[in-house]
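Reader: Could you walk me through this one, and tell me what stands behind each label you use?

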Amino acid sequence: MQIPIVYTWKNLWARRITTVLTATGMALVVFVFATMLMLSQGLEQTLVDTGSPGNVMVIRRGSETEVQSSIARAQAAIVETLPEIANDIYGKRLLSKETVVLMVLNKRGSDNPGNVTIRGLSASGLALRPQVQLINGRMFRSGSSEIMVGRKVAEGFNGVGIGETLRFGLSDWAVVGIFDAGNTGFSSEIWGDADQLMQAFRRQSYSSVIFTLADPLAFDRVKERIENDPRLPLESKRETEFYAEQSELMGNFLSILGLTLSVIFSIGATIGAMITMHASVASRTREIGTLRALGFNKPSILAAFMLESLLLGLIGGIVGLALASTMQFLTISTMNWQTFAELAFTFTLTGDIVVRSIMFALVMGFVGGFLPSVRAARMNIIDALRAD
Amino acid sequence: MLGLFRLAVRNALRHKLRTGLTVLGIIVATMAFGLLRTVVDAWYAGADATSANRLVTRNAISLMFDLPLSYRNKIRQAEGVESVSYANWFGGIYIDEKNFFPQFAIDAASYLDLYPEYILSEEEKRAFMRDRQGAIAGRKLAEEYGWKVGDIIPIRGTIYAGNWSFVLRGIYRGADKKTDQTQFFFHWDNLNETVKKREPNRADKVGVYIVSIRDSGRAAEISKEIDAVFANSLAETLTETEKAFQLGFVAMTEAIVIAIEIVSIVIIGIIMAVMANTMAMSARERVREYATMKALGFGPRHLVVLIFAESLTISLSAALAGIALIFPAADFFASKVGTLFPVFNVSEQTLWMAFAAATCIGVVAAVFPAWRAATGSITKGLGSIG
């Protein structure tokens, strides 16, 4: 015979303060658990979305990032002749020889420094990134000292609004447009003309060469061709893979930190659940005795108390997740350790994180409620009925 | 007063299991709080170990741009400058990407003069100076990878392409606990000569100049003076105190530091809820008892003090145990993360903060039950059935 669920529910309601306090403890743990997962998910998502699957990124062998890489003009010219590269409708190669540098700008509000990526592109550079949209002003003109800034840079840093100028390399660079590339790394960059920027920075070589494959399946052939060419000390990666790798170090750090903290914190919340359930059992000794006398068997007593504890966990989990979901409106901007460049990303809630958070909350409820429930189920009927 | 304390302890021990669990929870929370504060401190450790007499001059655009070697003499001529050294960030990989530690190519003689906190024996110093392939490493770093003097250390370049190998000529130790003992230094001349052969246009370039000044009070003035020399040149400079330079790094990852700080407060919140629950339960069970005491003539103040004493007894005794456990926990954590945090020490301030947090937990948990006990009516209390 099963004890009705409403009995369990009314028990939680009867001890409102205790229920609220216990669930609050669990909610906070779930909040930390979920937000840390969301943070590492957001970082990964942003970098994965930055690359396009049909694009190939070429950098100098051994360099981890575009900033560390350098590709001589002659080498870039050889890459340009690869037959696998797609052409646009005018027959021009869909290939961009780019220069990537970091520049210190000050953040809005705090005035703290941040390394912002400045990317110089070839004429077809924009065609390679269809996700980029101009939201204000106009594109930079090639051959001029004009730049356009990503939305996250425009929002986060001082002195990069339309009409303002940045001074570097002995000249003034006019900001003429603001572009949005959604939740990708490009939104945290400043773009200009590659040759103009190289001149300003006195650079002889490009940082990277990016091109679109005519046939996305031809990647292995291109890779082999580039890496076997003795004239090219270069390596190639799919653009998606290249950016995904950049989230590894920090993503790992965030998830390990999040997991460690959640486990330690959950000890506290589980203890809270245990105290509550023990008290709940102790104060209802006679009630339990009566239930047993009425014919409810041990397993159903155990189930009723386990259910109560799991419900506590569930309430905590839902509240914690609700709190965590509000974090989605926040954007975090920080330096990515792998690239040393500023990167803005948001807390991203996925179905997987929802499931894991609720599971985590239920496990806390289960562990916290197990011993007290067993105690309740094993009570001697006579003693329980006599208890005061 | 002593009698009151004894009564509080007795009260706390009435439900041994419940009190025991609460104490355990607070111990874990205090330890976690202390550990997180120590992580935050470790983030700032680089800035704490700086000297007010050192300035850092770098390229104004960002650190990835270098400066000509010729700037050394011009900087030295600036008024108030005592000596100048320079270093390049090497950013290589030792066997695997996971093995991160800072590597610098330094102008050895002047650099070691400027950083007296890196202590080498005379013998090791001489051996390092004499060997162009030589390198020195911090004690912690050498321990981490089991290096001994004389070992050959292979490093794969990322900024400076190619495979490099160095001979370990010395292991330095820090002058105090704040000194970073995870760095790796080798000769700038070695780097420069190899670069000259491989990529000639990148030769004779310096990453940062370290400038020692006589009077730390004039740091701002001298910084301006140095930057003025190179204004409107191809490589404009930005000079700041070593501390500001290091804090700039911290500021770049500030979002993470703030997240850890917030989380360290959340754990206090979690355990506050647990403790408040314990106290609320005890108070609810004792409504009749409190009413009886009031009927006997004890004032509400007496009850309030009694409840606070019980709450604080639990929270503070647990906090002391938790604080004692911060040290082994920090040691364990430091051994796990290796050289990721070069300096990882539990500060006295952290201990005080952990203690303050525990006091806070004890006080907050007692407020509501105490208010209830003090204002509750005697007749209702006596009639309560718990």
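This is a predicted model: local features need pLDDT of at least 70, side-chain atom pairs count only at pLDDT 80 or more; totals for chains, interfaces and linings use all residues.

Reader: What makes two residues count as being in contact?

Author: Their C-beta atoms, placed from the backbone, have to lie within 7 Å. Helices here are DSSP runs of H or I with at least four residues, strands are runs of E with at least two, and both are numbered from the N terminus.

Reader: Why are helix 8 of chain A and helix 10 of chain B called roughly parallel?

Author: The axes of helix 8 (residues 248-282) of chain A and helix 10 (residues 254-285) of chain B cross at roughly 10° and come within 10 Å. Axes are lines fitted to C-alpha atoms, for helices over the stretch in contact, and angles run from 0 to 180 degrees between N-to-C directions. Under 35 degrees is roughly parallel, over 145 roughly antiparallel, 65 to 115 roughly perpendicular, and the rest oblique. So helix 8 of chain A and helix 10 of chain B go down as roughly parallel. Among the residues making this contact are F265(A) and G272(A) from helix 8 of chain A, and I267(B) and V274(B) from helix 10 of chain B. By class, the contact has 13 nonpolar, five polar and no charged residues.

Reader: And how do you know that helix 2 of chain B and helix 10 of chain B are roughly antiparallel?

Author: Their axes cross at roughly 170° and come within 9 Å. That angle is why helix 2 of chain B and helix 10 of chain B are called roughly antiparallel. The contact includes F33(B) and W43(B) of helix 2, along with I267(B) and V274(B) of helix 10. The tally there is 17 nonpolar, four polar and three charged residues.

Reader: Where do the domains of chain A come from, and what are their bounds?

Author: Domain bounds come from an automatic or database domain assignment. For chain A, that gives domain 1 (5-48 + 248-386) and domain 2 (62-232). Their C-alpha centres are 46 Å apart. The contact takes 14 residues from domain 1 of chain A and 15 from domain 2 of chain A. Strand 12 (342-346) of chain A is one of the elements giving two or more residues to the domain 1 side, and the largest share of that side, five residues, comes from strand 12.

Reader: What makes Q41(A) buried?

Author: A residue is buried if 20 or more other C-beta atoms, placed from the backbone, lie within 10 Å of its own, exposed if 12 or fewer, and partly exposed in between. Q41(A) has 22, so it counts as buried. Q41(A) sits in helix 2 of chain A and touches T348(A), T350(A) and I353(A), leaving out residues up to four places away in sequence. Its C-alpha atom is separated by 9.0 Å from that of I353(A), 312 residues apart along the chain.

Reader: How do you know that the buried residues of helix 3 of chain A line one face?

Author: In helix 3 (residues 73-80) of chain A, the buried residues are Q75(A), A76(A) and V79(A). They fall within an arc of 100° seen down the helix axis, so they line one face. The arc is that of the directions from the helix axis to the C-beta atoms. Turned away from that buried side are the exposed residues R73(A), A74(A) and A77(A).

Reader: Buried or exposed: which is L170(A), and why?

Author: L170(A) is exposed, because 11 other C-beta atoms lie within 10 Å. L170(A) is in the loop between strand 6 (165-168) and strand 7 (171-180) of chain A, and its phi is near 65°, a positive value in a residue other than glycine.

How values were computed. Residues are numbered from 1 along each chain as its sequence is written. Chains are lettered from A and ligands numbered from 1 in the order in which they are written. Ala, Val, Leu, Ile, Met, Phe, Trp, Tyr, Cys and Pro count as nonpolar, Asp, Glu, Lys and Arg as charged, and the others, Gly among them, as polar.
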